[in-house]
Amino acid sequence: MEPSCGDGVFLRQLKVQNQKFNKVIAIELNRAEAEKADNIHLDNTSVINTDFHLYCNETIDQFDFVVGNPPYICYQYFDEEQQKDAAKIFHRAGLKYTKLTNAWVSFVVGSSLLLKEKGKIGFVIPAKILQVSYAKQPREFLAHFYNKINIISF
Ligand SMILES: C[S@@+](CC[C@H](N)C(=O)[O-])C[C@H]1O[C@@H](n2cnc3c(N)ncnc32)[C@H](O)[C@@H]1O
């Protein structure tokens, strides 16, 4: 699953590298970008034009692997519905919702909730996750939720 696929850079790589998989779900909020991703015509792939937060709270799908390069948007710029959906993800994960946080946090936490028991995620996230106070909760969440974390820093 990819929660914010944009024009499908990761989907294209699956195709170029002829990777084997059963099924891919790719989510993208922006219709034009979602159409570009869909036009890659990767086999067994559904590109869904919706808000990831909404998808995350409604789906019964569970995944072996999630890969993502999430949006970096302060919650104060979310509309009311998005804030409610993001807050629901936080609550499902046992975290306290704060409007000081950022979209990449609910993408990482929400994606974690959609994993099968031995699932993995691979995310491009800001290096400041290691420092900023608003990321204290997600840092603790990740540290307890996963039994192994690899950080690749540039
Ligand atoms: C940093 S880009 C990454 C795109 C692609 N994965 C890549 O690496 O090129 C983030 C993407 O998230 C999308 N996006 C923003 N808010 C979203 C939301 N609530 N749900 C799903 N996608 C969203 C944006 O339209 C944008 O395409």
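**Entry 1. The ligand shell and the domains**

I looked up which domains line the ligand in this predicted model. The shell around the ligand takes at least three residues from each of domain 1 (1-50) and domain 2 (68-147); these bounds come from an automatic or database domain assignment. I noted that residues carry numbers from 1 along each chain as its sequence is written, and that side-chain values use heavy atoms, with hydrogens and water left out. As the model is predicted, local features need pLDDT of at least 70 and side-chain atom pairs count only at pLDDT 80 or more, whereas totals for chains, interfaces and linings use all residues.

I then listed the residues around the ligand. There are 19, of which E2, S4, E28, D51 and F52 come nearest; a residue is near when one of its heavy atoms lies within 4 Å. By class, I recorded 9 nonpolar, 7 polar and 3 charged residues in the shell. Nonpolar here covers Ala, Val, Leu, Ile, Met, Phe, Trp, Tyr, Cys and Pro, charged covers Asp, Glu, Lys and Arg, and the others, Gly among them, are polar.

I looked for pairs of N or O atoms within 3.5 Å. A polar backbone atom of F52 is 2.9 Å from a nitrogen atom of the ligand. A ligand nitrogen atom also lies 3.3 Å from a polar backbone atom of L29. On the side-chain part, an N or O atom of N69 is 3.0 Å from an oxygen atom of the ligand. The ligand on its own has 600 Å² of accessible area (Shrake-Rupley method, 1.4 Å probe), and the protein covers 78% of this area. Helices α1 (9-16) and α3 (52-58) are the elements that give two or more residues to the shell; helices are DSSP runs (H or I) of at least four residues, and strands (E) of at least two, numbered from the N terminus.

**Entry 2. Salt bridges**

I found 4 salt bridges in the structure, each a side-chain nitrogen of Lys or Arg within 4 Å of a carboxyl oxygen of Asp or Glu. In one of them, the side chains of E33 and K36 meet at 2.8 Å, N to O. Because E33 and K36 are 3 residues apart in helix α2 (residues 31-38), about one helical turn separates them.

**Entry 3. T45**

I placed T45 in strand β2 (residues 45-48). The T45 side chain reaches the backbone oxygen of D43 at 2.9 Å. A polar atom of that side chain also lies 3.3 Å from the backbone oxygen of L42.

How values were computed
Polar contact = N/O pair within 3.5 Å; in protein donor to acceptor, adjacent residues only side chain to side chain.
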